[in-house]
Amino acid sequence: MTATPSTASYCLCLLLVVYGVYGQDKQTITYKYINKQPLQFDVYDYRGDHNDSAAAALIYIHGGGWELFSKNDVPDYITATATEGKMVLVSVQYRLTKESEKWGGVDAITWPAQGEDCLDAVQYVYENASKLGIDRSRMACWGGSAGGHLCAYTALAGSERSEKTTLRAAVSYYPPTNILELYSDIDPKVGIDRHVLQADSFESLLLGSAKTGIGLGEIIEHLNTTTAPWPHLLQLAESVDPEMYISNKSPNMLIAHGTMDHTVPFKQGERLAAALAHFKRTRVFLTAEGCDHAAEPRSCWQKTIIDTSAWLYDELKKPAALHRV
């Protein structure tokens, strides 16, 4: 299924070139503390002339293999989408796997720490929506790569957790999903530009390899081993997959993946889309033909980005009672 661009597509195309978050006033808010250190999100108000009325919220979750980058790294197309849609943009900080000392040790940055942070940030936004100028019934997330994974997880697990963590819609770009199958999902015609199975891979560090020394490859080798620590590590790896949290409460979701992705195999995005279809949940899967990871090259991704924004605007305009019909 392909989203239909709105009449604002030309404006959005121009905004992709012009806008960034730099120069825009921001409000930084602490949503919780871990090890006496604040976890925060940045709020950018793009309501424009309508800043006296509650607006839709776009919650951005950055990528970087759960290890790199920060809430400051907001792509221009996210800012453009929020600007054109007159939204309030929220960019979330979460615990990174390289920051174990800061947060209190390896256990504090091992999955599901990152997912819990995103859920807690959404709950804070919900509980403080009126102060932030946000319509709590029109909240969506968007993320790419590890951020795409976390957005999908937040949307699906959040709808099961409580009303306060329930989102209207979610956009997941080139997400790693089933990490136990990630290596086998590599298309030999495309290849991959990083290692996956070793103990220092993004996925392994997410599972606590900095403490255990055990990489994803070893976990896969011991799928049928019943002695410790393998059953626990297998369960932990399985819990990373957003598919585990799909239910009849799941929000509408758009997934986009490039067919020439050298970082996260295209099939990973297909897996999540297929799982949502199996559970009869509304989803859109956009194939970015010939495109690579991280929305690059931008010329290749531009139509997909415009179609995504049009879909998101439409989802956030629907009456709340209809958005899961």
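Are Cys141 and Cys151 buried or exposed? Cys141 is buried, and Cys151 is buried as well. The legends below describe close-ups of a predicted model.

**View 1. A disulfide joins Cys141 to Cys151.** The S to S distance is 2.1 Å. The torsion about the S-S bond is about 90°, so this disulfide is right-handed. Cys141 sits in strand 5 (residues 134–144) and Cys151 in helix 7, so the link ties together parts that are 10 residues apart in sequence. Both cysteines are buried.

**View 2. Cys291 and Cys300 form a disulfide.** Their sulfur atoms are 1.9 Å apart. The torsion about the S-S bond is -90°, and the link is left-handed. Cys291 has 1% relative accessibility and therefore counts as buried. Cys300, with a relative accessible area of 25%, is partly exposed. The count of disulfides comes to two. Counting bonded cysteines along the protein chain, the pattern is 1-2, 3-4.

**View 3. The sulfur of Cys118 is too far from the closest cysteine sulfur for a bond.** That closest sulfur belongs to Cys141, at 8.4 Å. A disulfide needs sulfur atoms within 2.5 Å. Cys118 is buried, with a relative accessible area of 2%.

**View 4. The largest nonpolar core holds 66 residues.** Phe41, Val90, Ile134, Met139 and Met253 touch the most other members. Helix 7 (residues 146–161) gives the most to this core, with eight residues. A second, separate core has 30 residues. Among them are Tyr44, Leu89, Ala295 and Trp311.

**View 5. Val90 is in contact with residues from several parts of the sequence, including Phe41, Leu58 and Val125.** Neighbours within four places in sequence are left aside here.

**View 6. Helix 2 (residues 76–84) packs with helix 13 (residues 298–317).** The angle is about 30°, and the axes are 11 Å apart. Helix 2 passes helix 13 in a right-handed crossing. From helix 2, the contact uses Asp76, Tyr77, Ala80, Thr81 and Glu84. Helix 13 brings Arg298, Ile305, Ser309, Leu312 and Tyr313. By type, the residues of this contact are five nonpolar, two polar and three charged.

Technical notes. Residues numbered from 1 in each chain as written. Predicted model: local features only at pLDDT ≥ 70, side-chain atom pairs only at ≥ 80, totals over all residues. Heavy atoms only, no water. Core = buried A, V, L, I, M, F, W, Y, C linked by side-chain atoms within 4.5 Å. Buried < 20%, exposed > 50% of the residue type's maximum accessible area, 1.4 Å probe, protein only. Helix = DSSP H or I, 4+ residues; strand = E, 2+ residues; numbered from the N terminus. Contact = heavy atoms within 4.5 Å. Axes fitted to C-alpha atoms, helices over the stretch in contact; angles between N-to-C directions. Left-handed = near helix turned anticlockwise from the far one by under 90°. Nonpolar A, V, L, I, M, F, W, Y, C, P; charged D, E, K, R; others polar.
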